[in-house]
Amino acid sequence: PDGGNVLEIRGLAGVFVDDEIHAGIEAGVAKHPQFKIVGSVHGDWTQEVAQKNVAGILPSLKMLTCWP
């Protein structure tokens with residue numbers, strides 16, 4: 001894509017691997033300013049928690065485009 005808004009679904013809060021992945025995403029977005037992180041939620045590496053937390057943040061986002 002040419003750019004867009006990113007909703008980051010993270011793993012388990014406070015875990016080193018999650019922090020490293022998050023830092024990599026931030027670094028990638030910094031190198032590609034056509035992308036913007038508009039939100040971040042912890043999904044605890046489970047589909048159920050991730051879906052619940054994404055549903056909780058979606059109403060606060062103006063527009064979110066998803067790619068398969």
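1. Is V17 buried, exposed or partly exposed? V17 is partly exposed, at a relative accessible area of 44%. Here buried means under 20% relative accessible area, exposed means over 50%, and partly exposed lies in between (1.4 Å probe, protein chains only).

2. A word on the basis. This is a predicted model, in which local features need pLDDT of at least 70 and side-chain atom pairs count only at pLDDT 80 or more, while totals for chains, interfaces and linings use all residues. Residues are numbered from 1 along each chain as its sequence is written, and side-chain values use heavy atoms, with hydrogens and water left out.

3. V17 sits in helix α1, residues 16–31. Helices (H or I, at least four residues) and strands (E, at least two) are DSSP runs, numbered from the N terminus. V17 also belongs to a nonpolar surface patch of about 540 Å², together with L12, F16, I21 and W45. Patch members have over 30% relative accessible area and no salt bridge; nonpolar side chains (Val, Leu, Ile, Met, Phe, Trp, Tyr) are joined within 5 Å, like charges within 9 Å. A salt bridge is a side-chain nitrogen of Lys or Arg within 4 Å of a carboxyl oxygen of Asp or Glu. Areas are Shrake-Rupley values with a 1.4 Å probe.

4. In α1, D18, H22 and V29 are the buried residues. They fall within an arc of 35° seen down the axis, so they line one face of the helix. The arc is taken over directions from the helix axis to the C-beta atoms. The other side of α1 has F16, A30 and K31 exposed. The buried residues of α1 pack against β1 (4–10) and β2 (35–42); contact means heavy atoms within 4.5 Å.

5. Helix α2 (residues 47–57) buries A50, V54 and I57. Their arc is only 65° around the axis, which puts them on the same side of α2. The face turned away carries exposed E48, K52 and G56. The cover over the buried residues of α2 includes β1 and β2.

6. V49 also lies in α2. V49 is partly exposed, with a relative accessible area of 27%. Beyond neighbours within four places in sequence, V49 contacts H42, G43 and D44. The C-alpha atoms of V49 and G11 are 10.0 Å apart, with the two residues 38 apart along the chain.
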